[in-house]
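Please look over the chain below before reading on.

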Amino acid sequence: MEPRISLVTLGVDDLDRAVAFYRALGWPAPERPDTEVAFFQAGGMVFALWTGVQGRGAPGVELAYNVRAPEDVAPVLEAAVAAGGSLVRPAERAEWGGTSGAFADPDGYVWEVAHNPDWTIGGDGAVRM
């Protein structure tokens, strides 16, 4: 098995609401082959929203979005709140040396927004440790 993740799927209650939230954050229009699922191209992987998950996923998952500079954390959190999400943790200096905060999307999925000074982000958005 090669070390990669090809697809992340979040179970959602209202697909139109979930798509509208991610579109408001600047994500491109997803592919919607039917009324139950939406697929977003997310760099080298696919991010899906699906009404059919219904408890198949594991609780206690936090997604992450890394930014290129510490001052980029707060604006992403603000954009998420403006799009209909909620603030979970404000942007602040983390004990590990970076800057971190978090928001929840309308279905309650938590996204950490972080700047890690030891990681780089390529022009294509790929993160390198």
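**The chain as a whole**

A compact globule of 129 residues would have a radius of gyration near 14 Å, and the chain, with 15 Å, agrees with that. The radius is taken over C-alpha atoms, and the globule rule is 2.2 Å times the number of residues to the power 0.38. This is a predicted model, in which local features need pLDDT of at least 70 and side-chain atom pairs count only at pLDDT 80 or more, while totals for chains, interfaces and linings use all residues. Residues are numbered from 1 along each chain as its sequence is written, and side-chain values use heavy atoms, with hydrogens and water left out.

Along its principal axes, the C-alpha trace spans about 45 × 35 × 25 Å. The chain holds 2 helices and 9 strands, in the order β-α-β-β-β-α-β-β-β-β-β from the N terminus. Helices (H or I, at least four residues) and strands (E, at least two) are DSSP runs, numbered from the N terminus.

Of the 129 residues, 33% count as buried; buried means under 20% relative accessible area, exposed over 50%, and partly exposed in between, with a 1.4 Å probe and protein chains only. The accessible surface comes to about 8,000 Å², and carbon and sulfur atoms make up 52% of it. These areas come from the Shrake-Rupley method with a 1.4 Å probe, and for residues only the protein chains shown count as cover.

Contact means heavy atoms within 4.5 Å. Among contacts in the chain with a separation of 6 or more, 47% join residues 24 or more positions apart.

Helix α1 covers residues 15-24, and its buried residues are Leu15, Ala18, Val19, Phe21 and Tyr22. Seen down the axis of α1, these residues fall within an arc of 155°, so they line one face of the helix. The arc is that of the directions from the helix axis to the C-beta atoms. Asp16 and Ala24 are exposed on the other side of α1. The cover over the buried residues of α1 includes strands β1 (7-11), β2 (37-42), β3 (45-50), β6 (99-104) and β7 (110-115), together with helix α2 (73-82).

Which residues of α2 are buried? They are Val73, Leu77 and Ala80. Down the axis of α2 they fall within an arc of 60°, so they too line one face of their helix. Glu78 and Ala82 are exposed on the face turned away from that buried side. The buried residues of α2 pack against α1, β5 (86-93), β6 and β7. Just after α2, Gly84 takes a positive phi of about 115°.

**Residues in and around β6**

Thr99 lies in strand β6 and is buried, with a relative accessible area of 12%. Leaving out residues up to four places away in sequence, Thr99 touches Pro70, Val73, Glu92, Arg93, Ala94, Val113, Ala114 and His115. Of these, Val73 is also one of the buried residues of α2.

Two loop residues can be set side by side. Glu95, in the loop between β5 and β6, is exposed at 84% relative accessibility. Asp105, in the loop between β6 and β7, is buried at 4%. Tyr22 and Asp105 are 83 residues apart along the chain, and their C-alpha atoms are separated by 8.6 Å.

**Trp27 and Ala42**

Trp27 sits in the loop between α1 and β2. Apart from neighbours within four places in sequence, Trp27 is in contact with Tyr22, Phe40, Ala42, Phe47 and Trp111. From Trp27 to Arg17, 10 residues away in sequence, the C-alpha to C-alpha distance is 14 Å.

Ala42 belongs to strand β2 and is partly exposed, with a relative accessible area of 24%. With neighbours within four places in sequence set aside, Ala42 is in contact with Trp27 and Phe47. The C-alpha atoms of Ala42 and Ala79, 37 residues apart along the chain, are separated by 18 Å.
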